[in-house]
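Trainee: I would like to learn how to read a protein model. Can we go through one together?

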Amino acid sequence: MTAANRYSFRKATVDDLPLLTAWQSNPHVRAWWGSDESYDAADLADPRVARWIVSTAERPFAFMQDYTVHGWEDHHFAKLPRGSRESINT
């Protein structure tokens, strides 16, 4: 893999909100996402969730998030050890 083809991950910022909204408007994402609501600055500020923009050759192509499974009451993975995180990719 050449340097130009490597993947990079960076934290999503409020500057990425238009990109996230555009991605979420795609029918294949909407079908999976199940929500008409786009991310906002408050979502990006939630300390329980890390949100990432994934790029290759400096071109963003995917969104990823991971979060602590113990950040919410009665999470379906709450039996996992403290520090466990779940990842969701679109």
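Mentor: We will take the features in turn, from the overall layout to single residues. Keep in mind that this is a predicted model.

Trainee: How many helices and strands are there in the protein chain, and in what order do the elements run?

Mentor: Start with a count, then follow the chain. The protein chain has 3 helices and 4 strands. Read from the N terminus, the order is β-α-α-α-β-β-β.

Trainee: What share of the 90 residues is buried?

Mentor: Buried residues account for 30% of the 90 residues in the protein chain. The accessible surface can be described too: it comes to about 6,300 Å², and carbon and sulfur atoms hold 54% of it.

Trainee: Which residues make up the largest nonpolar core?

Mentor: That core has 8 residues: Ala 12, Leu 17, Leu 20, Trp 23, Tyr 39, Leu 44, Ile 53 and Phe 63. Helix α1, residues 17–24, supplies the largest share of this core, with 3 residues. For a view from one member, take Leu 44. Leaving aside neighbours within four places in sequence, Leu 44 is in contact with Ala 12, Thr 13, Val 14, Leu 17, Leu 20 and Arg 51.

Trainee: Which residues of α1 are buried, and where do they sit around the axis?

Mentor: The buried residues in α1 are Leu 17, Leu 20, Trp 23 and Gln 24. They span an arc of only 125° around the axis, which puts them on the same side of α1. The cover over the buried residues of α1 includes α2, α3, β2 and β3.

Trainee: How should I read a pair of aromatic rings?

Mentor: A pair of aromatic rings is described by two values, the distance of the centres and the angle of the planes. A search of the whole structure finds 2 aromatic pairs here. In one, the ring centres of Tyr 7 and Phe 61 are 5.8 Å apart and the planes stand at 45°, so the pair is tilted. Tyr 7 belongs to strand β1 (residues 7–11) and Phe 61 to strand β3, so this pair ties together parts that are 54 residues apart in sequence.

Trainee: Are Tyr 7 and Phe 61 buried, partly exposed or exposed?

Mentor: Tyr 7 counts as exposed because its relative accessibility is 52%, and the cut-off for exposed is over 50%. Phe 61, at 41%, counts as partly exposed.

Trainee: What about the rings of Tyr 39 and Phe 63?

Mentor: The centres of those rings, Tyr 39 and Phe 63, lie 5.3 Å apart with the planes at 55°, so that pair is tilted. Tyr 39 is in the loop between α2 (27–33) and α3 (41–45), while Phe 63 is in strand β3, so the pair ties together parts 24 residues apart in sequence. Tyr 39 counts as buried at 10% relative accessibility, and Phe 63 counts as buried at 5%.

Trainee: What should I look for in the backbone angle phi?

Mentor: Most residues other than glycine have a negative phi. Ala 57 has a positive phi of about 50° although it is not a glycine. Glu 58 is not a glycine either, and its phi is positive at about 65°. Ala 57 is in the loop between β2 (49–56) and β3, and Glu 58 lies in the loop between β2 and β3. With 79% relative accessibility, Glu 58 counts as exposed.

Trainee: Where is Thr 68 found, and what does Thr 68 touch?

Mentor: Thr 68 is in strand β3. Its relative accessible area is 19%, so Thr 68 is buried, the cut-off being under 20%. Not counting residues up to four places away in sequence, Thr 68 touches Arg 48, Ser 84 and Arg 85.

Trainee: Where does Leu 80 lie, and with which residues is Leu 80 in contact?

Mentor: Leu 80 lies in the loop between β3 (59–68) and β4 (85–89). Apart from its neighbours within four places in sequence, Leu 80 is in contact with Val 69 and His 70. The C-alpha atoms of Leu 80 and His 70 are separated by 8.6 Å, with the two residues 10 apart along the chain. At 39% relative accessibility, Leu 80 counts as partly exposed.

Definitions and conventions:
Residues numbered from 1 in each chain as written. Predicted model: local features only at pLDDT ≥ 70, side-chain atom pairs only at ≥ 80, totals over all residues. Heavy atoms only, no water. Helix = DSSP H or I, 4+ residues; strand = E, 2+ residues; numbered from the N terminus. Buried < 20%, exposed > 50% of the residue type's maximum accessible area, 1.4 Å probe, protein only. Contact = heavy atoms within 4.5 Å. Phe/Tyr/Trp six-rings, centres within 6.5 Å; stacked < 30°, edge-to-face > 60°. Core = buried A, V, L, I, M, F, W, Y, C linked by side-chain atoms within 4.5 Å. Arc of directions from axis to C-beta. Areas by Shrake-Rupley, 256 points an atom, 1.4 Å probe, with all protein chains shown as cover.
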